[in-house]
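Please keep the model open while reading.

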Amino acid sequence: MNLFYLRYFVTLAHVQHYTKAAEQLCITQPSLSHAIMQLEKELGVQLFEKTGRNTTLTRYGEEFLICTEHTLETLDAGVENLQRSARGEGLIRLGFLRPLGVEYVPGLAASYLAEHSDKRIDFTFHTEVTGPLLDGLAAQRFDLLFCSRPPEDMGFRAVPVSCQELVLITPRKHPLASLKEVDLQQTREYPYVFFSRTSGIRVDIDRMFDEISMEPKIAYETEEDQVVAGLVAQGFGIAIVPHMDMLHKLDISIIPITAPAYERNFYMVYDERTYMPPVVRDFMEYVLEKEKMHTSKQFMHNC
């Protein structure tokens with residue numbers, strides 16, 4: 001069914017006069033008459049009838065007008081949404097680790113919105129551990145992730161954008177609690193509260209122990225860093241965790257790790273195999289530029 005003919009039909013239905021409707025549509029009256037005849041022929045019913053000098057809808061025309069207006073309204077809204085996307089507007093769906101939801105991700109989103117205040121841009125925010133986040137990206141529930149490095153076999157692109165110091169935490173009265181710094185070899189005899197294998201940080205911690213050829217004594221495993229820290233505070237073991245503000249609120253000792261020297265990297269993760277809307281690509285490039293500027297400043301400071 002011809003889309004132009006549908007718009008001609010709606011205009012004539014409201015104007016109720018062929019000549020005036022044709023003028024509004026910037027077409028000739030014969031062209032409008034032909035369009036309506038073609039519609040009626042295709043539908044098999046009469047849509048209009050003459051009433052004096054005016055043209056009014058038949059009951060079939062009234063029924064078809066409701067349907068046509070709804071259809072055109074839906075189509076126009078869809079076109080507008082696509083055009084907004086092409087202009088760099090729309091929705092950006094982010095998934096990220098909880099530690100990155102305190103300052104890093106909200107700060108990026110807020111500064112991006114401030115620099116693009118002339119555009120209609122929205123964010124959704126979802127926190128999880130790395131495993132479920134990667135599953136969500138694979139299912140196309142997210143556009144970008146900020147998390148630990150994904151396994152190579154998942155086929156995602158991962159770009160390092162931030163890092164976090166890892167520290168050893170112990171109960172306040174633990175034999176290691178008074179140390180100013182620690183070599184992980186010194187922890188060999190003590191039980192650990194470990195992150196479970198679904199947590200992205202587990203890979204980083206396993207690499208630390210691989211580097212010194214040490215098998216830690218794992219007493220308990222769990223997913224969340226807050227839970228790990230809480231268990232340590234209650235004497236369930238020692239743990240390696242990201243250095244975060246909430247640690248200072250617990251009854252624990254926080255000890256820098258000198259060997260092996262290690263920082264936990266965070267990555268911006270996305271799937272190059274799926275279409276990336278312009279607004280998402282623009283935000284991704286914004287994050288990369290921010291990281292490039294940050295790295296440059298660090299280099300200049302070190303020099």
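**Salt bridges and helix packing**

E221 and R202 join their side chains in a salt bridge, with N and O 3.5 Å apart. A salt bridge here means a side-chain nitrogen of Lys or Arg within 4 Å of a carboxyl oxygen of Asp or Glu. The model is predicted: local features need pLDDT of at least 70, side-chain atom pairs count only at pLDDT 80 or more, and totals for chains, interfaces and linings use all residues. Residues are numbered from 1 along each chain as its sequence is written, and side-chain values use heavy atoms, with hydrogens and water left out.

- E221 sits in strand β9 (residues 217–222) and R202 in helix α7 (residues 201–211), so the bridge ties together parts 19 residues apart in sequence.
- Helices (H or I, at least four residues) and strands (E, at least two) are DSSP runs, numbered from the N terminus.
- E221 is partly exposed, at 44% relative accessible area.
- R202 is buried, at 3% relative accessibility.
- Buried means under 20% relative accessible area, exposed over 50%, and partly exposed in between (1.4 Å probe, protein chains only).
- A network of salt bridges links R197, R202, D206 and E221.

**Other salt bridges**

- The count by this rule is 11 salt bridges.
- R93 pairs with D143 in one of them, with the closest N and O atoms 2.9 Å apart.
- R93 belongs to strand β3 (residues 90–96), and D143 to the loop between α6 (130–138) and β5 (144–147), so this pair ties together parts that are 50 residues apart in sequence.
- R93 is partly exposed, with a relative accessible area of 24%.
- D143 counts as buried, at 14% relative accessibility.
- R273 and D271 also form a salt bridge, the closest N and O atoms being 2.8 Å apart.
- R273 is exposed, at 57% relative accessible area.
- D271 is buried, at 9%.

**Helix α1 against α3**

- Two packed helices are described by the angle between their axes and the distance between the axes.
- Helix α1 (residues 3–15) packs on helix α3 (residues 29–43) at about 105 degrees, with axes 9 Å apart.
- That angle makes α1 roughly perpendicular to α3.
- On the α1 side the contact uses Y5, L6, Y8, F9 and L12; on the α3 side, L32, H34, A35, I36, Q38 and L39.
- By class, the residues of this contact are nine nonpolar, two polar and no charged.
- Axes are lines fitted to C-alpha atoms, for helices over the stretch in contact, and angles run from 0 to 180 degrees between N-to-C directions.
- Angles under 35 degrees count as roughly parallel, over 145 as roughly antiparallel, 65 to 115 as roughly perpendicular and the rest as oblique.
- Contact means heavy atoms within 4.5 Å.
- Ala, Val, Leu, Ile, Met, Phe, Trp, Tyr, Cys and Pro count as nonpolar, Asp, Glu, Lys and Arg as charged, and the others, Gly among them, as polar.

**Helix α1 against α2**

- α1 also packs with helix α2 (residues 18–25), at an angle of about 130 degrees and with axes 9 Å apart.
- α1 and α2 are therefore oblique to each other.
- Y8, T11, L12 and V15 of α1 meet Y18, K20, A21, Q24 and L25 of α2.
- This contact has six nonpolar, two polar and one charged residues.

**T170**

- T170 lies in strand β6 (residues 157–171).
- T170 is buried, with a relative accessible area of 0%.
- Setting aside neighbours within four places in sequence, T170 contacts L176, A177, V232, I238, I252, S253 and I255.
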